[in-house]
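This report describes a sheet, a helix pair and the confidence of a predicted model.

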Amino acid sequence: MSGAATFQGDGRPAGPPRVLVSMSGGVDSSVAAALLVEQGCDVTGVHLKLADTPANAMVQGKGCCTVADADDARRVAEVLGIPFYVWDFVEEFQQAVVADFAAEYARGHTPNPCARCNEQVKVVGLLARARALGFDALATGHYARVVDGRLYRAADPAKDQSYVLYMLGPSELAHLRLPVGELTKPEVRAIAARLGLRTAAKPESYDVCFIPDGDTAGWLERRFGRQPGAVVDSAGQVLGSHQGAYRYTVGQRRGLGIAAPTPRYVLRVEPASRQVVVGERSELAVRTVELERASTTDGRGLRAGPARVRLRAHGDEVGCEVVPLGDGRARLDLDEPYGAVAPGQAGVLYDGDLVLGGGTVTAQVHDPVPGG
Amino acid sequence: MPYLDYAASAPLRPEALAAMLPFLEQPVANPSSQHGPGRAARGAVETAREQVAALVGAAPSQVVFTSGGTEADNLAVKGTVLAREPGARYLVASAVEHHAVLDAAESAVADLGGELTLAPVDQTGRVDLAGLEASLRPGRTALVALMAANNEVGTAQPVAEAAALARRAGAVLLCDAVQAAGTPGLDLDAVGADLVALAAHKLGGPTGVGALVVRQGLDLRPLVHGGGQERGLRSGTLPVAALAGFGAAAAVALPERAAHAPRVARLRGRLLAGLRAAEPALTVNGNPTGGLDQRDGSLGGSLPGLLSVRFPGRRAEDLLLLLDRAGVACSAGSACASGAVTASHVLLAMGRTPSEARETIRFSLGWGSTEADVDDAVDAVGRALAVLPARPSQAAAAHAGGAG
């Protein structure tokens, strides 16, 4: 922590670090808050209201940020004896995450809304607000580690969320605390149970939080209407039809509505011509990927050299050679063909457990015909 | 710990606590029971009924106890609509009514047919009587709702004039007097309201009780059925202790009213002067400060203890956090179900933009407020403003985070 921790708002002398913890109402951020309290920090809880959800329904969506989640977070804060507030981020979330999510699909991309949300709202946006209010640090329930101002994978590889935090730079990491990153999920639940927190056994939320029924295609259709087009092969031969190119993601196999002797996969989505291009599994493989809006966690810009890259939230990693192109762009020459890379997803670069940085996948060069 | 949030809930008056304790410490019978202990409990309820009736100049038989102001508003709106023929279920409400009125009215017309028309207000939040009159459908409008004074900005409403307009159109007038019943007060005959909603905890009584005062002979249907208490208009065993506290709070509020109104108005004047010194750019919501009465500090035509101010460029959420950490309790204009500060429908109806509405803080004073509370709050606001840089606008802030 740099500098004396002063909180001008109440005129009190410098004391323990003042930490604002973002409490979603789930078990991870509940335990993050609890651990900071145990460490002796001066902790304040805040719950971000990200959507206007109906308050009267006892049966609510499974996504986050329902009124019930705010109530759970509030109760945990009360049990921990820390002040708690709810902040309205509906407008920011709608603009920066939901609208962006739809726009990316309209471009034929497959966005990662969690990365976008962390970048614009939950981490970077909230940290700026916390600092303006005199807090020394922001804490979240993300599974990743910050050590000496650098970002590392979580101790629990099954829960690692470093992939959605790659965009953080040194100015953010210096003030970010991720208390559960050293723990496994069962350890986190055990701590919550020991402290009697009501979120201890709360189920995980996996879905996109603003699409609680998990039906992304239906959500996009309600937004864009039906946009029928053709399913074609890479030679342009029409194989079938579809109701909206936004319903398809690179690598997708189901729901193509075509009969073929061998499985067909989406190779590309071309919104302008409303074409969905499909092909054999072998045609999916890529050798080269381009990133845009690339950044590094040390703030020094991408450097040429070897790294490991993850191109999907739960995908395998592959070795690559980073070739900076300037202007926040970079080319990654993959060591071996990698299947199904969707534009819009994050490409995150690692050196062991250290997160080097990353960017948004913008273009890909397919592997030449196998054996060619 | 300065508490400046009386409009949300006033601290329990010692007299109310003293009146309640016997009914909490000793066995209390059901006030409907036909035995000695039952009669004793009923006696306490009827004492409270007389005290509450006296507060608004009503007869005790006109008082129907409810679970609070919200239920009183719901009973008034839905009970009136249910009593009317399907073709005569039109409702008119000022755009700045409490959600207990607006949402009850929306629900009533959605479920039972009819239509809700919102009467516009001016920049100070005062209803436009010509607009209200134009909204009336003679013979078909069932109810007009106009609060005595607004809970967010304090503006007093021309209830007597609206009642006369409503009567001429064959409608009843509901006056939500939850904020105004204590100070400055409301007299049933003088305003000519048919229905008046009250809440105990705004007077310094306990939460969980309120009343609807009903004009004799008015046709009203119950929403809660059961044992037929409250002359069939609100079934349910009466909460004796809470009603004793309600009655005691009313009994104290009535005689102190004359001295209390100028006292809290002076405190409000002191608060406003202090806040202005800390932030010359602040603006006052409600009746214009140009009308500030230097003699008693009142803003004229408003709740004397309520001050709604906007700090340009400062989010209410941020100020509330810093004030809370400094031990000062006050509120933003409006909160949603999750507890977040939202743009108040009252301020929007008054022509404020959503971002202006989200820069508004409500301070409210009451029976226990002191000069020290006001001075401490002013100091805390000054320190909070020093921490928070003024922002150009909400829109700019939404993107201030930037990319990492």
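## Sheet, helix packing and confidence

In chain A, four strands form an open sheet with mixed pairing, in the order E9-E8-E11-E10. Strand E9 (238-242) and strand E10 (265-270) of chain A are the edge strands; each has a single partner strand, so one side of each lacks a neighbour in the sheet. From one strand to the next the twist averages 30 degrees. Strand E8 (residues 229-233) of chain A pairs with E9(A) in the antiparallel sense over four bridges, and Val232(A) has Val238(A) of E9(A) as its bridge partner. Strands pair if DSSP finds at least two bridges between them; helices (H or I, at least four residues) and strands (E, at least two) are DSSP runs, numbered from the N terminus.

The model is predicted: local features need pLDDT of at least 70, side-chain atom pairs count only at pLDDT 80 or more, and totals for chains, interfaces and linings use all residues. Residues are numbered from 1 along each chain as its sequence is written, while chains are lettered from A and ligands numbered from 1 in the order in which they are written.

In chain B, helix H3 (residues 69-83) packs on helix H4 (residues 99-112) at an angle of about 30 degrees, with the axes 9 Å apart. Axes are lines fitted to C-alpha atoms, for helices over the stretch in contact, and angles run from 0 to 180 degrees between N-to-C directions.

The model scores ipTM 0.83 and pTM 0.86. Chain B averages a pLDDT (confidence in each residue, from 0 to 100) of 91.

| Stretch of chain B | pLDDT |
|---|---|
| Residues 288-299 | below 50 |
| Residues 394-404 | under 50 |

Technical notes
pLDDT = per-residue confidence, 0-100. Contact = placed C-beta atoms within 7 Å.
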